[in-house]
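Subject: Handover of a structure

Dear colleague,

Please find below the structure that I am passing on to you. A short account of the findings follows it.

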Amino acid sequence: MLSLSRIRENTDAVQKGVSLKGEDIDFSLLLNLDEQHRKLLTEINDLRAKRNRASEEIANVKRAGGDAVEAITAMREVGEQIKSLESEADDLQEKIKSTVEVIPNVPHESVPIGSSEKDNKVVREWGEKPEFDYTIKDHIEIGTSLRLFDFERSAKISGTGFPLFTGQGAKLERALINFMLDYHLDHHGYTEIFPPFLTRGSAPFTCGQLPKFAEDMYFTGKDELYLIPTAEVPVTNIHKDEILEEQDLPKYYTAYSACFRREAGSYGKETRGLLRVHQFNKVEMVKFVTPESSYEELELLVTHAEAILQTLGLHYRVIELCTGDLSFSAAKCYDLEVWSPAENTWLEVSSCSNFEDFQARRGNIRYRRSSNHKTDFVHTLNGSGVATPRLTVALLESYQTPDGKVIVPKALQPYVGTEVLG
RNA sequence: GGAGAGGUGGCAGAGCCUGGCUGAAUGCGCCGCACUCGAAAUGCGGUAUGGUCAUUGACCAUCGGGGGUUCGAAUCCCUCCCUCUCCGCCA
């Protein structure tokens, strides 16, 4: 959430920022409401001060055994006046709040300007496209013939988009999760978290999924709980309404979770196999840092996600998202895209973002500066480290052999317990 | 599912019955000063957050959320939310 004072004092910059994200917001309306609201507050403030003084006076008179009927009658009227102004102010406040909470974060100045995906910038590429001197199979063919997963049967259970992993496929899934968690714990200094997968509405509000993107989330009507679309949601809210100590920052958390996404409105080729699913597994990294360090931390975060792909020996590239492709809450974001030989395209497996104080404000996550003991909002970041479905696609396709088997990358072998699948 | 207890500042914890210098005792923590070669201990002082207006500053709000009673609510009433304990059921 953007602060009202920022909107008020830097209207042009904010206006420009959100328009670069493709949002056309009429700020004059909001500013008008805000001005009315503050005017009203001043008025109420003065009346309340008056009432407080009078009440004190009445207390004194009564204590002295006097009679204060006159003052009481006079104040009764003031009370009514205050009440009516207050309800007016509350209405305005409500309007302002509902407007502000759907305004997206402003992109960082370093973010390339652009309107869509096509304007994203390739920052770097790692490794090389695997070469094959035979006709390769795609991940669905490989997985089906090796019985790693079974989409027909999973459709019977849950419908399309809910993968059912079987045998070595199930073990591979578990191996990837464990490998990634261990890697971040052993090499990057994260603390492991195993979060709840259902949360209250306040948790996705913090992160920015609510109220604007409620349609994208699974919701259990009866208990009013949301299924998490990412571990970011529960993990970011670990410190909701807290004041952290500066010396305890940065805090690094990594968590596995199942992720649930309705993916409303996405049909067609992209939904084939594991490319876009309603439930998937992901290891997420979440950081709570000081404002001064957040951009440094973002660069570091990207390298943490990259380390997974490098260790698995997968060809990938790092994309810097342009302003128009940034998500609602992000100020800056890098995507990691892994190469799929059969799809002959890049697949997004990670998204690493700096939210600055946008989420921290929504979730009231603060820290106390050790220099002056004042509180300020932390900066939050998160990145996938990484999501398994497309990782599996790249893995199966890149490491397939002419006889239809799949070589397991060395780092993964202890986890899978075999050198070859099939 | 049934019964009960409770939500107060960075933390712990009074106050609520009996409404009025209580924005909130006390302790811990933290900061400053003194003592000390230094530290510990001790002593003294300070230490919530947000907002409105303004030059220092003034004022206002906030004791889980909302509503009500009242001149005045942490304190009384209603309502919602949350947490904990016991019993039952259950992986």
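Leaving aside residues up to four places away in sequence, which residues does Phe 355 touch? In this predicted model, the contacts of Phe 355 are Asn 105, Glu 232, Ser 329, Ala 330, Ala 331, Thr 380, Leu 381 and Asn 382. Phe 355 lies in the loop between β11 (345-354) and α11 (358-363). With a relative accessible area of 4%, Phe 355 counts as buried, because the limit is under 20%. Val 378 is 23 residues from Phe 355 in sequence, and their C-alpha atoms are 9.9 Å apart.

As to the overall division, chain A consists of domain 1 (26-100) and domain 2 (117-421). The centres of these two domains, taken over C-alpha atoms, are separated by 50 Å.

Among the buried residues of α4 are Met 75, Ile 82, Leu 92 and Val 100. The buried residues of this helix pack against α1 (4-9) and α3 (27-63).

Finally, the cysteines. The structure contains zero disulfides. Cys 207 takes part in none, and the nearest cysteine sulfur, that of Cys 259, is 12 Å away. Cys 207 is buried, at a relative accessible area of 3%. For Cys 322, the closest cysteine sulfur is in Cys 333, at 11 Å, which is too far for a bond. Cys 322 is also buried, with 0% relative accessibility.

Yours sincerely

Methods. Residues numbered from 1 in each chain as written. Chains lettered and ligands numbered in written order. Predicted model: local features only at pLDDT ≥ 70, side-chain atom pairs only at ≥ 80, totals over all residues. Heavy atoms only, no water. Buried < 20%, exposed > 50% of the residue type's maximum accessible area, 1.4 Å probe, protein only. Helix = DSSP H or I, 4+ residues; strand = E, 2+ residues; numbered from the N terminus. Contact = heavy atoms within 4.5 Å. Domains from an automatic or database assignment. Disulfide = S-S within 2.5 Å.
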